[in-house]
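Subject: Structure for you to look at

Hello,

Here is the structure I promised you. Please open it and keep it on screen while you read my notes.

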Amino acid sequence: MQMTFRWYGLDDPVTLRFIKQVPGVTGIVSALYDVPVGEVWLKESIAELKGLIAEAGLQFSVIESIPVHEDIKLGRPTRDQLIENYCQSIQNMGALDITVLCYNFMPVFDWTRTDLAFRLPDDSTALIYNHDLLAKIDLSNGTGELPGWATAYTADELNGLLSAYREVDEEQLWGNLAYFLERVVPVATESGVVMGIHPDDPPWSIFGLPRIIKNESALQRLLGLVDSPANGLTFCTGSLGADPDNDLPGMVQRFGSQGRIHFAHNRNVKVTPEKCFQESPHPSAFGSVDMRAIMQAYREVGFTGPMRPDHGRMIWGETGRPGYGLYDRALGATYLLGLWEGLQHPENNGGTDG
Ligand SMILES: [Mn+2]
């Protein structure tokens, strides 16, 4: 297992130098944030980012994410050119030996929350989600009321997308995902890249939009769309863990032993009443996710891929990008590495890898 950390580029208040100081973190998860969705990620631009990361003594381990254009998810005729561009981006990352690609297939919005800075009794702040409150958000004037998405879409763009998706049900979305993967996965395989789909966050429909990557049977179906090792998962315990019916350690066992988990996102959520949750500190005791059992499962399947602490709270007065401060994520990385070390099989003789 390689411990990694997400970094948002030169604008990120959490610098590569700070990340390098977190014990045991050797890999970076990043992306090009200035390429319009659908355009090719140029090899030179990816190489420049890789160079910055290498200068800091870190490895560019994962691209999270190359966004999938809405026209691909909607199955519009323009998708073929967009898929061709996507393939070119994959070839470019593969040529630079960046071998893990995280992506998602969520219509319009990926992660959604109802408060990005909910104050907890200890004065830290966390992201929370309340399904009833979300349902009350008015999108008729655009995304202004949706935390984290205020400027993402104008009213016209959003209305256009929402009405286009009214014609796409879950089965059609599955069909459009299959169409995409049938074309992209062979290119990934040739390029030495493995793909990991990120589950839907939260793992249920929002605003009437179809959502399909939400539980074990969906993940199994996804793997069967193109039965190739390059077609795999980003296993996010925070996203899947919002639904208490998901057996997370069992899923790590079953998908990990098939060699299909390519990237691990470890995050804890405290699931409050149905379809409500609050992001909590990484250790098992603070949320509904049994992190020890999950790490045990990763140990048992011999997981060798990248892992990262996922969102953290804001603590110690830190300000910055919600969920992506330095301190709580660093505590998360240290906790996960501690579990990993403690769960080492005695016959492994104390090595830190494997
Ligand atoms: Mn995640």
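First, a definition: two strands pair if DSSP finds at least two bridges between them. Keep that in mind for the barrel below. Also remember that this is a predicted model.

**Overall build**

The protein chain has 12 helices and 12 strands. Its C-alpha atoms fill a box of roughly 55 × 50 × 40 Å along the principal axes. What does the radius of gyration tell us? A compact globule of 354 residues would have a value near 20 Å, and the protein chain has 19 Å, so the two agree. Buried residues make up 44% of the 354 residues. Now take the contacts with a separation of 6 or more: residues 24 or more positions apart account for 71% of them.

**The barrel**

8 strands form a closed barrel. From one strand to the next, the twist averages 30°.

Where do β1 and β12 meet? Strand β1 covers residues 2–6, and strand β12 covers residues 306–309. They run parallel, and 2 bridges join them.

Now find helix α2, residues 43–55. Helix α2 lies across β2 (25–30) and β3 (59–64). It runs at about 135° to β3.

**The open sheet**

There is also an open sheet of 4 strands. The order is β5-β6-β11-β10, and the pairing is antiparallel. Which strands sit at the edges? They are β5 (115–119) and β10 (268–271), and each pairs on one side only. Neighbouring strands in this sheet are turned by 40° against each other on average, direction ignored.

Look at β10 and β11 together. Strand β11 covers residues 276–280 and runs antiparallel to β10. 4 bridges join the two. V269 has E279 in β11 as its bridge partner.

**The core**

The largest nonpolar core has 88 residues. L101 and V252 have the most contacts inside it. Which helix gives the most to this core? Helix α7 (residues 170–191) does, with 7 residues.

Leaving out residues up to four places away in sequence, V252 touches F235, I261, I294, A297, Y298 and V301.

Best wishes

Key
Residues numbered from 1 in each chain as written. Predicted model: local features only at pLDDT ≥ 70, side-chain atom pairs only at ≥ 80, totals over all residues. Axes fitted to C-alpha atoms, helices over the stretch in contact; angles between N-to-C directions. Core = buried A, V, L, I, M, F, W, Y, C linked by C-beta atoms within 7 Å. Buried ≥ 20, exposed ≤ 12 C-beta atoms within 10 Å, placed from the backbone. Contact = placed C-beta atoms within 7 Å. Rg over C-alpha atoms; globule rule 2.2 N^0.38 Å.
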